[in-house]
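Please examine the structure shown below before reading on.

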Amino acid sequence: PLVPLIKDYPPSKVIGLTIFQGHVSDGEYLAVWIGAISSWKRNGDLVELSCNPVSNSLNRTGLRRKYQLGCPHILYGSKCGASKASFTTTKTIIGVMANAIDLPPAWVATPGNYLGGIVEWVNATGGAERRGILDITLSDTRLILSGTTKDLDIGSSVQISQGCSHKIDACKNQFNNINNYGGQPYIPLETPVGLKNSFY
């Protein structure tokens, strides 16, 4: 049952794996390994899974905050605070390609705001599929996605969330969320001695 979830495109969510071990005679099975699937490959008629134990997550170093012009917050995350529901629209698609979908003309007033956003839908197994929006073409009606259009057909319903440039103008004018802007937009671009700063 795992193979259809991973064979065409990396799944939208982490697939956890728990291995139980025990004896049939006593009917007690204890968890002996907990982790997640990281990759897979074919080996004849078999599929080999590479997995990472849950203990690996304890060894990761947390990301450090950078002194930067752009906002480092994850869009719609807890630090960002923007309401995803307020900037998401539900549409019915009128065309499907390998990695793109077509929407009706004038599907939204400001299609450019959705560049870098997310398209979500429910797949055949009832799970969520998510793809990033890489480009908007064909008179703003075609969305080029970051992966396959698995389980999508003409007439399917998708949820489309706006993207963010992580610049102060988008935070202020598009999301009305300037109080949560995480960048430092007023970093001087010129040094006191008059030389241009080559880092920005």
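**Pockets, strands and a cavity**

In the largest pocket, the lining divides by class into ten nonpolar, six polar and two charged residues. This description rests on a predicted model. The space inside the largest pocket amounts to about 330 Å³. Its lining consists of 18 residues, and those nearest the centre are Val14, Ala36, Ile37, Ser38 and Asn52. Two elements, E2 and E3, each give two or more residues to this lining. E2 supplies the largest share, namely six residues.

The antiparallel pairing between E1 and strand E2, which covers residues 28–43, extends over eight bridges.

Strand E4 (residues 88–92) runs antiparallel to strand E10 (residues 157–161), and five bridges join the two. Here Lys91 is placed opposite Val158 of E10. E10 also pairs with strand E7 (residues 118–122), again in the antiparallel sense, over three bridges. Glu120 has Gln159 in E10 as its bridge partner.

The second largest pocket holds about 270 Å³ of space. Its lining is formed by Leu63, Arg64, Arg65, Lys66, Pro72, His73, Ile74, Gly77, Ser78 and Lys79. Sorted by class, this lining has three nonpolar, three polar and four charged residues.

A cavity remains to be considered. How many cavities of 30 Å³ or more are counted? The count comes to one. The largest cavity has a volume of about 100 Å³. It is lined by 13 residues, of which Cys71, Leu75, Cys80, Cys164 and Cys171 are the closest to its centre. The lining of the largest cavity comprises nine nonpolar and four polar residues, with no charged residue. The lining of the second largest pocket, by contrast, includes four charged residues.

Note on methods:
Residues numbered from 1 in each chain as written. Predicted model: local features only at pLDDT ≥ 70, side-chain atom pairs only at ≥ 80, totals over all residues. Heavy atoms only, no water. Pairing = 2+ DSSP bridges. Helix = DSSP H or I, 4+ residues; strand = E, 2+ residues; numbered from the N terminus. 1 Å grid on protein atoms, 1.4 Å probe; cavity = no way out; pocket = protein on both sides within 12 Å on 5 of 7 lines; lining within 4 Å. Points joined across faces, edges and corners; volume = space filled by probe spheres on them. Nonpolar A, V, L, I, M, F, W, Y, C, P; charged D, E, K, R; others polar.
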